[in-house]
Amino acid sequence: MGNILYLVIPCYNEEEVLSETARRLENKMKCLAEGKKIDEKSRVIFVNDGSKDKTWKIIQELHQKNKLFAGINLSKNRGHQNALLAGLMTAKEYADMVISMDADLQDDINAIDEMIDKYAQGKDIVYGVRSSRQKDTFFKKATAEGFYKTMNMMGANTVYNHADYRLMSKRALEGLAQYGEVNLFLRGIVPMIGYPTDVVYYERGERFAGESKYPLKKMLSFAVEGITSLSTKPLRMITLLGFFIFIVSIGMLIYSLFRHFTGATIVGWTTLMVSLWAIGGLILLSLGVVGEYIGKIYLETKARPRYIIEQFLNEDN
């Protein structure tokens with residue numbers, strides 16, 4: 001079993017944290033190499049996802065100073081999941097194992113040691129899972145936990161309290177490469193691969209600098225993307241809801257006929273108005289859900305590239 005490790009770090013407007021992230025990762029990779037846990041050919045790949053600041057310039061400077069650091073520059077902003085996939089698929093050609101993590105220094109890099117140990121024990125996928133959320137605000141904790149519970153309830157099965165901090169073997173990455181959908185949700189796709197997995201728990205730290213890339217609005221959008229990309233359960237729920245409304249309508253028909261023959265038809269005006277608004281809202285909601293799926297089918301049929309690499313900085317350039 002080989003031990004060439006590649007770290008894949010997606011970056012979007014990370015100029016404030018990138019230098020410190022590189023310093024800490026350089027020290028960690030050096031310690032791992034000295035301890036014979038990883039090969040000297042191991043690398044750190046920063047993936048620039050169309051940043052508008054000096055992120056790519058900093059990556060270029062890091063590469064020039066130290067060949068440990070490699071860089072991928074995407075042709076335009078493609079989103080976190082596509083940027084991560086670009087790094088994973090590139091690293092797959094060089095590494096025996098790949099660890100993906102964010103650039104904001106919140107993921108505990110000391111968990112890398114245990115991930116590598118699990119890999120050595122034969123695990124193809126090792127998930128980094130938060131041990132607690134004590135440092136989060138009440139709102140952040142409630143929305144984040146609600147995110148995972150909602151995802152699983154709607155059929156998009158994910159690892160609870162796991163983001164994108166994980167180790168994948170070369171074999172697992174080759175399995176991931178067989179999933180060709182354009183609408184990516186890696187947190188749901190990776191568990192589908194099915195090779196031996198394990199979990200490493202860690203305490204998530206505070207962001208070193210800069211702003212969070214996942215506010216509530218983006219988290220909600222991410223949840224919708226994940227649910228509609230991985231599950232047809234919302235469509236099944238619409239069918240069940242339609243059946244329920246049909247049963248209720250039969251009951252309302254019987255009630256209306258009864259009121260008609262007793263001469264009290266005006267009394268039902270409020271009920272009628274409420275029913276019209278409720279049914280109208282449900283119809284629009286149902287059309288919206290169906291539209292989400294049709295839109296995704298439209299994008300999948302076009303088979304557009306998920307990312308385009310403009311430049312790849314490795315040890316040869």
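Lys 28 is buried, at a relative accessible area of 10%, where buried means under 20%, exposed over 50% and partly exposed in between (1.4 Å probe, protein chains only). The model is predicted: local features need pLDDT of at least 70, side-chain atom pairs count only at pLDDT 80 or more, and totals for chains, interfaces and linings use all residues. Residues are numbered from 1 along each chain as its sequence is written, and side-chain values use heavy atoms, with hydrogens and water left out.

**Exercise 1. Find the salt-bridge partner of Lys 28 and say which parts of the chain the pair links.**

Step 1: A salt bridge here is a side-chain nitrogen of Lys or Arg within 4 Å of a carboxyl oxygen of Asp or Glu.

Step 2: The side chain of Asp 113 meets that of Lys 28 at 2.7 Å, N to O.

Step 3: Helices (H or I, at least four residues) and strands (E, at least two) are DSSP runs, numbered from the N terminus.

Step 4: check the cover. Asp 113 is partly exposed at 22%, whereas Lys 28 is buried at 10%.

**Exercise 2. Work out how Glu 20 and Arg 23 are arranged in α1.**

Step 1: both lie in helix α1 (residues 18–34), 3 residues apart, about one turn of the helix.

Step 2: Glu 20 is buried at 16%, and Arg 23 is partly exposed at 43%.

Step 3: widen the view. Glu 20, Arg 23 and Arg 24 are linked in a network of salt bridges. The overall count comes to 9 salt bridges.

**Exercise 3. Is β5 buried or exposed, and which strands pair with it?**

Step 1: count the cover. Because 6 of the 6 residues of β5 are buried, this strand is largely enclosed by the rest of the structure.

Step 2: sort the directions. Ile 125, Tyr 127 and Val 129 point one way, Val 126, Gly 128 and Arg 130 the other.

Step 3: find the neighbours, given that two strands pair if DSSP finds at least two bridges between them. Strand β6 (residues 162–169) pairs with β5 in the antiparallel sense over 4 bridges, and strand β7 (residues 197–202) runs parallel to β5, joined by 6 bridges.

Step 4: follow Val 129. Its bridge partner in β6 is His 162, and in β7 Val 129 stands opposite Tyr 201.

**Exercise 4. Describe the cover of β2 and its pairing with β1.**

Step 1: strand β2 (residues 43–48) is mostly covered, with 6 of its 6 residues buried.

Step 2: Arg 43, Ile 45 and Val 47 point one way from β2, and Val 44, Phe 46 and Asn 48 the other way.

Step 3: strand β1 (residues 5–11) runs parallel to β2, with 6 bridges joining them. Ile 9 stands opposite Phe 46 in β2.
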